[in-house]
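Welcome! Take a moment to look over the structure below, and then let us walk through it together.

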Amino acid sequence: MAVISDNCPDIDVTLVDKDKNKIDAWNNKDLSKLPIFEPGLKEVISRNRGKNLFFSCEIKQSIQEADMVFISVNTPTKIKGLGAGYASDLKWVESSARLVAEYSEGHTIVVEKSTVPVRTAELIQEILGESKTGINSKNNKTFSVISSPEFLAEGTAIKDLENPDRVLIGGSDKVSMNLLKEIYSRWICNEKILLTNVWSSELSKLIANAFLAQRVSSINSISALCESTGANIHEVVKAIGSDKRIGAKFLSPGPGFGGSCFKKDILNLVYLCRYYKLEETANYWEQVLFINYWQKKRISSLIIEKFFGTVSNKKILILGFSFKCNTNDTRESPAISISKDLIDNGAQLFINDPKVQKEQIEIELEIKEFEVDELSLGSWNFINDLDNVPRNIDAIIVLTEWKEYIGINWEKLCSKMRRPAWIFDTRNIIPKEVIKESNINYWQVGKSL
Ligand SMILES: NC(=O)c1ccc[n+]([C@@H]2O[C@H](COP(=O)([O-])OP(=O)(O)OC[C@H]3O[C@@H](n4cnc5c(N)ncnc54)[C@H](O)[C@@H]3O)[C@@H](O)[C@H]2O)c1
């Protein structure tokens with residue numbers, strides 16, 4: 001929405017959230033304290049905030065004044081009730097639709113921006129339709145619901161929004177679709193703005209994420225085979241990626257995908273397939289999640305095995321906690337499960353991340369900093385400055401591909417390690433040459449030792 005305000009100075013964009021702390025943080029004068037870290041975001045906010053971009057908790061007034069309302073709320077996997085563990089929880093979409101139904105005035109275009117299961121637009125339409133006939137109805141209200149799912153990737157969100165591969169607008173009301181198209185076309189060429197029916201639009205978002213996640217799981221499964229056979233994953237990636245039909249992008253092996261979307265969207269797809277009795281299709285996509293789970297477990301197990309089956313009392317430095325670089329988002333980060341496994345095996349972790357706050361790590365690991373796990377005696381603490389890494393560390397694990405880690409003084413860090421020492425690079429970002437000390441063992445994903 002901030003990028004819309006940046007490209008359309010004549011349009012007032014108001015972002016509302018029921019969470020006052022979030023809105024206060026978005027209004028913070030200190031732009032380094034915005035709730036989300038994204039390259040280029042604070043510049044966009046500083047150009048437009050207070051001019052045509054506003055952050056507010058005044059939901060009622062903002063809806064009353066709006067010609068177009070984007071519903072961009074969270075749609076996490078249901079944890080209880082019908083479809084628990086698979087289906088998306090639509091209660092926040094539903095409550096947003098009810099707010100629009102209650103407060104809107106005149107004609108309102110409702111844009112479904114959240115990632116939702118197929119036919120959610122129907123649910124929104126029904127709620128809005130009720131408001132025209134219900135007890136509290138004001139009959140002058142009319143609505144048009146269209147779908148425009150978001151394809152940005154965290155870490156490159158601003159670039160993706162400024163120069164998207166495509167924008168999708170799904171619906172049947174051509175007038176509303178064209179009005180939204182007119183907004184996007186201020187900075188995106190018409191050929192990239194695809195108009196579809198509403199269900200194609202909703203389904204395309206789930207399928208795009210499923211295909212992306214599938215590529216990650218495919219290459220991660222092959223990383224294990226490379227380690228066993230002596231093939232080198234980089235050479236394999238180059239060889240297969242040169243085939244135009246396969247393409248070179250999104251083929252980096254790693255500790256598994258994270259983020260708030262891939263897992264939940266595939267679960268949602270699996271649920272949808274089972275609902276339509278397409279068991280084989282559901283099983284096929286579910287395997288993408290299984291491989292992702294397995295890759296994380298495989299990495300924590302091999303770390304423990306390299307220490308002859310025990311990391312109890314071992315000091316381990318974890319480099320990176322966000323699920324990928326250039327974001328402070330830790331949702332579903334592979335660092336969570338790998339760190340938990342090591343703590344459960346008695347390790348003492350020192351965790352560093354350039355953008356993730358220690359309070360966030362505390363929430364994800366469900367154990368406080370310095371607290372000692374009763375059973376395993378494992379623990380963790382946050383290391384803000386790598387100069388303060390203690391002596392005698394046994395292992396370093398690179399879990400996020402932050403470019404800061406490439407430029408570390410590796411010689412100095414290695415000099416603090418107790419032998420036998422291990423470096424585990426799950427992102428393949430540290431060139432072997434920088435580990436000058438020959439008696440430090442070095443493991444890289446997809447390469448045999
Ligand atoms: N994060 C991404 O990279 C990304 C990319 C593409 C699509 N999406 C989709 O966008 C949607 C939002 O994702 P997110 O990561 O921003 O979620 P989020 O949980 O970070 O933010 C959602 C916000 O909605 C607010 N909210 C919920 N119900 C509300 C209501 N009734 N009124 C006002 N505010 C309400 C919450 O307080 C929260 O701040 C999801 O459907 C997601 O799948 C996210």
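A residue counts as buried if 20 or more other C-beta atoms lie within 10 Å of its own, and as exposed if 12 or fewer do. Keep in mind, as you read on, that this is a predicted model.

Which residues of helix 8 are buried? They are Ser176, Met177 and Leu180. These residues lie on the same side of helix 8, because they cover an arc of only 100 degrees around the axis. Turn to the face directed away from that buried side, and you will find the exposed residues Lys174, Val175, Asn178 and Glu182. And what covers the buried residues?

Now step back to the whole protein. It holds 15 helices and 13 strands. Its radius of gyration is 24 Å, close to the 22 Å that the globule rule gives for 449 residues, so the protein is as compact as a globular protein of that length. The C-alpha trace spans about 75 × 50 × 45 Å along its principal axes. Of the 449 residues, 37% count as buried. If you look at contacts with a separation of 6 or more, 72% of them are made by residues 24 or more positions apart.

The chain can also be viewed in parts. The domain assignment gives domain 1 (2–206) and domain 2 (291–444). How far apart are the centres of domain 1 and domain 2? Taken over C-alpha atoms, 38 Å separate them. The two domains do touch: 6 residues of domain 1 are in contact with 7 residues of domain 2. On the domain 1 side of this meeting place, the residues divide into 3 nonpolar, 1 polar and 2 charged.

Finally, have a look at the ligand. How many residues surround the ligand? There are 20, and the closest are Asn74, Thr75, Trp92, Ser114 and Thr115. Helix 5 (residues 91–103) gives the largest share of this shell, with 4 residues.

Methods
Residues are numbered from 1 along each chain as its sequence is written. This is a predicted model: local features need pLDDT of at least 70, side-chain atom pairs count only at pLDDT 80 or more; totals for chains, interfaces and linings use all residues. A residue is near a molecule or strand if its C-beta atom, placed from the backbone, lies within 6 Å of it. Helices (H or I, at least four residues) and strands (E, at least two) are DSSP runs, numbered from the N terminus. Domain bounds come from an automatic or database domain assignment. Ala, Val, Leu, Ile, Met, Phe, Trp, Tyr, Cys and Pro count as nonpolar, Asp, Glu, Lys and Arg as charged, and the others, Gly among them, as polar. The arc is that of the directions from the helix axis to the C-beta atoms. The radius of gyration is taken over C-alpha atoms; the globule rule is 2.2 Å times the number of residues to the power 0.38.
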